Amino acid sequence: MKQRIIVWFRKDFRLYDNPALYSAALRGKVLPVYIYDEKYEGSWRTGSASKWWLHSALYDIKERLAELNIPFIIQKGNSLTILRKIIRDTNADALYLNVRHEPHAYQQDQEIMKQLRQEDIVCHTFESHLLLPSHTVKKANGEPYKVFTPYYKAFLNQMVPKPFPIPELISFSYKDTLQIEDLQLLPKVNWIDDIAKNWEPTERAAYVKLRTFASHKIVDYEMGRDFPSHALHSAISPYLAFGQLSPRAVYHYIASKQEGHAFIRQLIWREFAYHLLHHFPHTVTEPLNGNFQYFPWRDDEDSFEAWSKGRTGYPLVDAGMRELWATGFMHNRVRMVVSSFLVKHLLIPWQKGAAWFWDTLVDADLANNTMGWQWVAGSGADAAPYFRIFNPVTQGEKFDDTGEYVRKWVPELGSLPNKYIHKPWIAPKNVLDEANVILGITYPYPIVDHAAARARALHAYEAMKKSLS
Ligand SMILES: Cc1cc2nc3c(=O)[nH]c(=O)nc-3n(C[C@H](O)[C@H](O)[C@H](O)COP(=O)(O)OP(=O)(O)OC[C@H]3O[C@@H](n4cnc5c(N)ncnc54)[C@H](O)[C@@H]3O)c2cc1C
C-alpha cells in the first residue's frame, strides 16, 4: 500500500528540485504542510522584511500546488503538537522534510523526529538548501576548514548532485487549514510598499532573475561585481534564502556557461558559511576568535540610530543603509563598507548590526549574515585583518566614482560635482550653495572623523590584545 507522507515545508518553497517533495511523490501520496512556529525559531525570529517575503512565498507555493490539484495546509503553533494531530487525523505514516541548518532549528527537528519515530512514524530528511551537506567537505584529518581558499579547492573536487524534476503528485486530503492572512505576517503599519515594488517573490521569478543574469551580466560579473551602480550581481539571494531557487539548479546552470567560475566561487562562499555554522554554531552570537570577547565595544544609541537611518554624514554608508531600508537589499561591496563603519568607526558590536540586517534584509540568512559580520569585525574565519579599516570616502571614490549610487539613494546630494560627492564637507561654500546642500541641515556633517575613528579603533584593538597578555 502507498505511504501517506506529510511533506513539511519550511524554507524550501519550490516544486523544482525539492528533494523531500520529489522523494515523497515516488513513495506515496503527499500532504504538503507549513507550520508557523515562532517558538521553533528560537532567538532568530523571522525578521520584518523576511516576514513579507514569507507571506508572498506561501502564496506562491500554495498557488503552484493548487495548479496540480494539491492542497497546502497552513497551521500556526507548536510544530510537534500540530504534526501529531495531522498524523492522527489523516492516518499519515511518514514525515519528509528538507534539513534546516540553523542550530536551533536543526536541534528541534531532531527532537521532533525522535518523538515521531517512537510513535512509528517514518521520518526522512533531505538536503535542499546547499550544494552539498555542510559536513561533506573537511580536511584530511577530519577537522573543519577555517580558511576559504583550501575549502574552495577541496569543494571543487566534489560532485554536486543534479537537480530533481518537478514530481507528479497525488495527495491525500485534509481540510483543517488556516489562511495565509491568519499568520499575520504583514506589518500593521505599511512600510513595505517600496520593498514590494522591487521584488517578485515567486519560484518562477527566481528563474527569470537567474536567466537574466546568465544572459546579460555573467560576462562582466567578475570585473564589475564590486561596483554597486553597475548592478552586475544576480540578486538571487532572497530566493536562495527562502528555498524558491535550488542552489544545485543554479550551480549546474551556471557551471555550463564558460564565464561562470567567479559566480560559482561566490556560491561556494555560501557553502563555506554553512560549513562554519555547522561546525561553530555558537558563532551566531559569539566571536569565532574568542579574543574578541574582550574587545572594548561602545554602547552608543545615537550613533547606531544615525547609522541605521542612513544619517552618518558619509554618503556611501548612508546610501547603503537607505537602499537597505527601501528595498530590503544592499549590494555586497556596500554591505562590507557599512558594516565596517559600524564596528570600526563607531565601535558598536557586530551583533547589533547583524540583528539590524536580520530584521531588514529580504535575504536574511543566518549563515551568510554571521560570516559576513564576523569577517568584517575581524573576529571570524578567514577574517579581514583588524587593521584594514575601510575608508568610506576612498571606497566610494573607487567603487562609485561618478557617485551614481550615492545620487540615487541620497538625493539631497544629487547635484554635487563628482569631486565632492563622497566628501561633501570639504566642498567650498559656493559649490554647496549651488547644489542646494546645507551641511548640518539638509545633510549631516560626518558623525565621526575618519582619521580619529581609525586611530580609536586601532587603539581599542591594542587594548584588547593587552588585556589578553
Ligand atoms: C555584513 C554582511 C552581511 C551579509 N548578510 C547576508 C545575508 O543575510 N544573506 C545573504 O544571502 N548574504 C549576506 N551577505 C553576503 C552577500 O552580501 C550577499 O549574499 C549578496 O550581496 C547577495 O546578492 P546577490 O545574490 O546579487 O549576489 P551575487 O554576487 O550574485 O552572488 C550569488 C550568490 O552567491 C552567494 N554569495 C555572494 N557573495 C557572498 C558572500 N560574501 N558570502 C556568502 N555568500 C555569498 C549568495 O548566495 C548570492 O546570492 C552578507 C555580507 C556581508 C558583508
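Between domain 1 and domain 3 of this predicted model, the number of salt bridges is zero. Polar contacts do occur there: four residue pairs, both members at pLDDT 80 or more, link domain 1 to domain 3 in this way. On the side of domain 1 that touches domain 3, the elements giving two or more residues are α2 (48–67) and α4 (103–118). Of these, α2 gives the most, with five residues. Sorted by class, this side of domain 1 has five nonpolar, five polar and three charged residues.

Domain 1 covers 3–128, domain 2 is made of 130–162 + 202–279, and domain 3 covers 290–468. Taken over C-alpha atoms, the centres of domain 1 and domain 3 are separated by 39 Å. Contact between them involves 13 residues of domain 1 and seven residues of domain 3.

The size of an interface is often expressed as the accessible area that is lost when its parts come together. For domain 1 and domain 3, the buried area is about 810 Å², and 63% of it lies on carbon and sulfur atoms. Trp-44, Ala-49 and Ser-50 supply 52% of the area that domain 1 buries against domain 3, more than any other three residues.

Salt bridges are found elsewhere in the model, and the structure holds 20 of them. In general, side chains of opposite charge can pair when their charged atoms come close.

The remaining topic is the ligand. There are 27 residues around the ligand, and those that come nearest are Tyr-221, Ser-234, Ala-235, Asn-332 and Asp-363. For Asp-363, a backbone N or O atom lies 2.8 Å from a nitrogen atom of the ligand. In Asn-369, a side-chain N or O atom is 3.1 Å from a ligand nitrogen atom. In Arg-335, a polar side-chain atom lies 3.4 Å from an oxygen atom of the ligand.

Methods. Residues numbered from 1 in each chain as written. Predicted model: local features only at pLDDT ≥ 70, side-chain atom pairs only at ≥ 80, totals over all residues. Heavy atoms only, no water. Domains from an automatic or database assignment. Contact = heavy atoms within 4.5 Å. Buried area = accessible area lost by both parts, 1.4 Å probe. Salt bridge = Lys/Arg side-chain N within 4 Å of Asp/Glu carboxyl O. Polar contact = N/O pair within 3.5 Å; in protein donor to acceptor, adjacent residues only side chain to side chain. Helix = DSSP H or I, 4+ residues; strand = E, 2+ residues; numbered from the N terminus. Nonpolar A, V, L, I, M, F, W, Y, C, P; charged D, E, K, R; others polar. Near = heavy atom within 4 Å.
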